[in-house]
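Student: Got a model open here. Can you walk me through it?
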Amino acid sequence: MPEFVLTVARFGFLILLWIFVFTVVGVIRKDLFAGVRSKSLVASPRGVGGVVPQGRPAKAKRGKAARQLVVTAGQLAGTRITLGEAQITIGRAEDSTLVITDDFASARHARLVPRDGQWFVEDLGSTNGTYLDRGKVSGPTPVPLGVPIRIGRTSLELRP
Amino acid sequence: MPRVPGTRTGRNAELGLLALAMIIVAAYGATVEANQFDKLTPTFWVPAALLSVLFLALHLVVRFTALHADPVLIPTVALINGLGVGFLRRLDLAKSIAEKQPEPGIFAGVGGRQLAWTLVALVLAAVLLLVVRDHKAVSRYAYTLGLVGIVLVMIPAVLPGRFSEINGAKLWIKIGGFSIQPGEFAKLALVSFFAYYLVRKREVLSLASRRVLGIDFPRGRDLGPVITVWLLSLLVLVFEKDLGTALLYFGLFVVTLYVATERVSWLLIGLVMFFGGVYVAYLLGASVGGPFANFYDRATVWLHPFDAENYNRIGGSYQLVQGLLGLGTGGLFGTGPGAGSPGFVPEVRNDFIFAGMGEEIGLFGLSALLVCYLLIVERGLRAALGVRDSFGKLVAGGLAFTLGLQVFVILGGITGLIPLTGQTTPFLSSGGSSLMANWLLIAMLLRISDAGRRPAAAGPAAQPGGPKQPPAQLHGAMTEVIKP
């Protein structure tokens, strides 16, 4: 077999290996940096440099359906849950959809329920309460996109 | 499992990557034959094709049982596994040429056996995916698994040497012509047990503390389990004569502890304890000998591999030096698959497979393989971040870290960074136990990443016809309340 073919095979194999590596990185590129992005969101103060305009989220985002629930602060910061049609329970109990280990959270703290494309947050009789932006949640309350739901030290947001 | 519209499962990406990986494995086989025989035999593609069928089957199992699992784990592992089979077959070919024998059959020789082991390992992985539909169910057997893990670690230590000793390390159970390495499986059991234990204890361990020099140190009475595991790993070091395994168990526990509590002090305590223990073992080996002598030997070989005395001694640094020379010969781009002479390195099919492959694919190729390992570990940690229960987080984090640590221990040994110890290179070196245990590990990571990436609506709770959810109370690990 000619020397030329062997050389091509030798280097071609190495190039193929690296093509594989870069293809894999391409597939996972999206969530390689997911944590970094959400961290910078937490760090930026309100209205300064934030990607999501938090001032009037309800108006700015009207007509878009929420697809993700993102934890923006607390121990689980960076966690994303893709929303479907089932309710999401939040609390310290291990069978919650989102298990938070927060000293100020109850075992079954709150839940998010979808109704006709709109998500509602509902407090489940927690000790320390659930807050939507600044206001305490007493009954089922519609959650606009990008408005923080606060549970203890944890903050959650709906994202499109 | 029904697909939720508007979400991406990544299964097609997985299939595409798998095809690319198998093309690379076939290309490797072809290059090897071109270099060895100076021509292509008509059957050069058969091992790659068989592997493709096996991985495709696993891919289908994942499509049915873990639809949303991470898409890059299987292809990356498949590539490493396939190249391992290819390299072992390359050793068989070289042997058959040297002995003027006809080309070995597909299932003959070391490469063939590795191919068969891959089949067994993949079947085990598929069974795990089929049986364990919810990773939280594993936590119900946590104490049983912990006991099984410790027994598995201990068996080789108590067995008489002729049943358990290969090349100076007592890590095996030998029955007839058959030997298994129980420690490989113990890893999995111990990770599950540690995770469950720490989910229960994390609050005590992370909150009750004394502050010394700006670092929070745990209370004395909370140190018990760490000391137990430390003693266990030192026993392994002394009686099974294996530093790598000891480091693996201890590192695993300390890192799981760190993940559970977010306390740097655990890492400090762990490092100080381990290096202190190893140094004492080294000093004891120099002065007392006995059970510590083996470790002292290895440390001397590591410190002075090129001394004529160490090089010429039986059990000395000959192997290490040959491996280093192989890596050096390979240089940046290697001699080309099949064109090197890995036969000089003893045990090139087990511990030194990286040195053998390094000679032929060079630094450029080795670093690609290393990046593949890195990506596997990264995906494991990513699965830990994505999953929403603490048990799953700790299991995924622990498993991913163990895999990374094992690669570090063996690679560090081969390149002379740390004393050489007999670890297998995951998915690459020949041996059924290692292959089976590591594929089980990957199956567990797939299961956990599936739970983390699954949209909330597709969860088992949302579909009555779906897999049965274990009752919440059974696996609901209660955390302990701190009494100051």
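Tutor: Start with a hairpin: E1(A) and E2(A) form one, with 6 residues between them. Gly74(A) in the turn has a positive phi of about 105 degrees. This is a predicted model, where local features need pLDDT of at least 70, side-chain atom pairs count only at pLDDT 80 or more, and totals for chains, interfaces and linings use all residues. Residues are numbered from 1 along each chain as its sequence is written, with chains lettered from A and ligands numbered from 1 in the order in which they are written.

Student: How many bridges pair E1(A) with E2(A)?
Tutor: 3, in the antiparallel sense; E1 covers residues 68–73 of chain A. Strands are DSSP runs of E, at least two residues, and helices are runs of H or I, at least four, numbered from the N terminus. Strands pair if DSSP finds at least two bridges between them.

Student: What stands opposite Gln68(A) in E2(A)?
Tutor: Thr82(A). In E11(A), Gln68(A) faces Arg159(A). E1(A) and E11(A), residues 154–159, run antiparallel, joined by 5 bridges.

Student: What's the strand order in the open sheet?
Tutor: E2-E1-E11-E10-E7-E8 in chain A, 6 strands with antiparallel pairing. E2 (80–82) and E8 (135–136) are at the edges with a single partner strand each, so one side of each lacks a neighbour in the sheet.

Student: Switching topic. How many residues does each chain give to the contact?
Tutor: Chain B gives 44 and chain A 36. Contact means C-beta atoms, placed from the backbone, within 7 Å. On the chain B side, H1(B) brings the largest share, 10 residues.

Technical notes:
Contact = placed C-beta atoms within 7 Å.
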